[in-house]
Amino acid sequence: MDFEDTPEEAAFRAEVRSWIDANAPKHLEDQLKRANFGDMGVTSEDPIQACKSWQKKKAEAGWACLHWPKEYGGGNRTPMERVIWNQEEGIFRSLGGLFTIGQGMCGPTVMAWADEETKRRMLPPLASGEEVWCQLFSEPASGSDLAGLRTRAVKADDGSGDWIVNGQKIWTSGAQNSDWGLLIARTDPDVPKHKGLTMFFLSMKSPGVEVRPIKQANGQSSFNEVYFTDVRIPDSQRLGAVGQGWEVSLTTLMNERLSIGSGMSTGFPQLLSLCMDVEVDGKPAVQDSNVRSKLAQFAVREMGLKYTGMRAITALSKGETPGPENSIGKLVAGATMQDLAMFALDLQGQSGVIWEKDGPHDGRFQAILMRSPATRIEGGSDEILRNIIGERVLGLPGDIRVDKDVAFKDIPTSGRKKAAAAA
Amino acid sequence: MNLDFSDEQKALKEQVRRFLEDRGGVAQMRAVLTSDASYDKDLYKGLAELGVLGAAIPEEFGGVGLSHLDLCVVAEELGRVIAPVPVASSIYLAAEFLLQAGSQAQKEAWLPKLAAGEAIGAFALNEGEGRMGPEKIKASVSGGKLTGTKSPVADGDCADVAIVAARSESGAVSLYVVDLNGPGVERRTLNSIDPSRGQAVLTFSGAPAELLGGEGDGWHIATQVMDRAAILMAYEQLGGADRALEMARDYALERMAFGRPIGSFQAIKHMLADMYVSATLARSNCYYGAWALASGASELPVAAATARVSASQAFQHCAKNNIQVHGGMGFTFEYDCHLFYRRANALALALGSVSTWEDMLVDRMTTGNVAAAA
Ligand SMILES: Cc1cc2nc3c(=O)[nH]c(=O)nc-3n(C[C@H](O)[C@H](O)[C@H](O)COP(=O)(O)OP(=O)(O)OC[C@H]3O[C@@H](n4cnc5c(N)ncnc54)[C@H](O)[C@@H]3O)c2cc1C
């Protein structure tokens, strides 16, 4: 057991450090450091361009998507080297946020399911940040119950083999900045719901694709509605077989939980400094016994997450595959952040209501308060993650399914309870 | 970086697990609980013969000379079967006190016996109700004779030797080695929530006492040793938490209600998922603790408090919900659930209550060790 680098790792770290030192966009450092949850903080230039130019620079030097094979634009590095890179990239890592969904979820799905030619065409620009991807899964009537989705893809009747897509996706993060989308659609409504799905990727510039931003509860607009009206997708942009979409989506979803959950901080270090700063009964809050007890609770969660991550990295570096037990990262982080923010505001007293970037503690806890509810929903809600732990880690039986062997078109949904009953 | 145990340590763990299961597993705890015995003598002897008592004691003092990491995996297995043996008092504490602060002669006198299970050690610190601190120590030593009352003392009913915290003639808190079979010692066994690990009142009236470490260094040494013991005990708690979770899971798969296994109800499934989360976070924090213990890192105090708080809560959480999952059956004496519940709540108090450790954790994080937490 140790936290030391091997001599090779130390050499790699030194190389990475000096490259980052010579190349990172240092002029953005201060802004990035003052970033708040849900807001990258870059205002001095177009943040999208800032992300893209750092990614491009990394790609040109071979530091993009470190763990991907070279022929797909990656660095062909070990998991441990990737971890070291992430540690050294430090604050500049937040410039990678634009590519999280593409590189963290869509890329691995393409890598697992596409043919060689497609991989060589699609993956390198994804790695270099020239092309941004989004994930077109959730729909108004199907989030947790993803397999209940209704967006339809039907074969064109012109003999081209193309697919024609109609329907609507929702909550699509980053669709407004994306070049490509990973789309799951229903190709057969006459079979049970998991069996009639097929996965595609498509250009977001395709005729008939319309992106409409949604204003979020925290005031920002990072997710969107995406409408499809007679959108044509070539059959060569299908991933997996027709009807195999559910299986393909599982690759994406597992990678999603890993990339959202891993290395997530709950804001504990900031809470600790707040407690040394604000007062309770005329003394620093950190001296108050109530405060101390709560702080300790947050500390053991933060550290538990940190060392759970390190155990996962250790397992990965020994060649083990991360399994469903990694669901706990996001589950713990989301709820902890939310509780922590509420506690921080409580300590700030009536000033806790102020949410200003130049206000008390940079409005940091207010930003966490307002963004953390989404963490508990996106990429599998708390309840779905508990189901996953219960069923796939502990081996408990699944929920009783009323929709399992029923043709998709006969399943009651929020919008068509009566129709189904009548049918 | 490598946050995992070695293959040899995993093999040792397997070996200890098989040994404990062959001896009857949890049944051993029940047997002690329902008898007048204060611990399982045969089991303790067996552990000594297996070499696990002396795992982290150097060979020159009769031990096996492995590392504290080995002792961690042993502790986890003892915790899984909530073993009714005084290992915590004798090995994590008494032996550790001697190793950290004992003179050559003191080490030679006691360590071989502790490693061989021929003598049992205990740590006599508490003097009554409330949170323990140096100011509460009234016991005193004058002319090499100890006077005062210590209560409760874990395994004080069966121990042969105690490390006692008392005031020296100058009034400074110091530690003393006291032979409990010698003159001037009276003991009375106390009823407790976990009688499989005895508690006693020790009354000293002029018992011969030999200084351990420097005069006035008592609290400092005790703090260091309790940190080390806290990590080892956290492994016992972790083992107990995992086992309680497994019992609850097994029962949830087998018990039917409303025509389906109760584990298919989300209220139960999510309760179990939360137990798994607690146990997993505790395990990760325990690994951090084990690393700090074995490497002697400066983060040891933070790591110890983190592991202690996290593992205490995980075991309490899993043990109480294990009863809940079992329904009425869980509240019978016949089922094992209460055994884990007893042990979980007793261990959460041993070495100082959870709130005491929470307090220490924050202290340690705010005095120069903030980086460790970040
Ligand atoms: C910030 C943000 C970004 C997102 N980005 C994307 C994206 O880029 N692409 C994309 O495709 N999607 C995205 N999503 C959508 C996200 O995946 C869904 O919101 C999520 O899966 C929940 O689905 P839902 O909103 O339909 O809620 P529902 O599924 O309707 O859930 C409502 C409530 O019911 C509970 N529930 C549902 N089923 C069960 C069950 N079986 N057992 C117990 N409880 C249950 C849920 O836990 C929740 O509390 C994003 C969401 C957010 C908040």
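Q: How many residues surround the ligand, and which are the closest?
A: This is a predicted model. A residue counts as near the ligand if one of its heavy atoms lies within 4 Å of it. The closest residues are S144(A), W171(A), S381(A), E383(A) and Q266(B), and the number that surround the ligand is 20.

Q: Why is the site described as shared between chains?
A: Among the closest residues, S144(A) belongs to chain A and Q266(B) to chain B. The site is shared because the residues around the ligand come from chains A and B.

Q: Which residue has a polar side-chain atom 2.6 Å from an oxygen atom of the ligand?
A: A polar contact is a pair of N or O atoms within 3.5 Å. E383(A) places a polar side-chain atom 2.7 Å from an oxygen atom of the ligand. The residue with the 2.6 Å distance to a ligand oxygen is S381(A).

Q: What share of the ligand's accessible area does the protein cover?
A: On its own, the ligand has 960 Å² of accessible area. Of this area, the protein covers 69%.

Q: Which elements of chain A give two or more residues to the shell around the ligand?
A: The shell draws at least three residues from each of domain 2 (133-243) and domain 3 (264-380) of chain A. In terms of helices and strands, the elements of chain A that give two or more residues are β3 (163-173), α11 (364-375) and α12 (382-393).

Q: How many residues of the shell around the ligand are polar?
A: The shell has seven nonpolar residues and three charged ones. The polar class has 10.

Q: What is the strand content of residues 134-231 of chain A?
A: In an unreviewed entry, UniProt places the feature "domain: Acyl-CoA oxidase/dehydrogenase middle" at these residues of chain A. The end C-alpha atoms of the span lie 17 Å apart.

Q: What is the radius of gyration of chain B?
A: Chain B has 12 helices and nine strands. For its 374 residues the globule rule gives 21 Å, and the value for chain B is close to that, so the chain is as compact as a globular protein of that length. The radius of gyration of chain B is 20 Å.

Technical notes: Residues are numbered from 1 along each chain as its sequence is written. Chains are lettered from A and ligands numbered from 1 in the order in which they are written. This is a predicted model: local features need pLDDT of at least 70, side-chain atom pairs count only at pLDDT 80 or more; totals for chains, interfaces and linings use all residues. Side-chain values use heavy atoms; hydrogens and water are left out. A polar contact is a pair of N or O atoms within 3.5 Å; within protein, one must be able to donate a hydrogen and the other to accept it, and residues adjacent in sequence count only if both atoms are side-chain atoms. Accessible areas come from the Shrake-Rupley method with a 1.4 Å probe; for residues, only the protein chains shown count as cover. Helices (H or I, at least four residues) and strands (E, at least two) are DSSP runs, numbered from the N terminus. Ala, Val, Leu, Ile, Met, Phe, Trp, Tyr, Cys and Pro count as nonpolar, Asp, Glu, Lys and Arg as charged, and the others, Gly among them, as polar. Domain bounds come from an automatic or database domain assignment. UniProt positions are given in the numbering used here, feature names are shortened, and annotations may be inferred rather than shown by experiment. The radius of gyration is taken over C-alpha atoms; the globule rule is 2.2 Å times the number of residues to the power 0.38.
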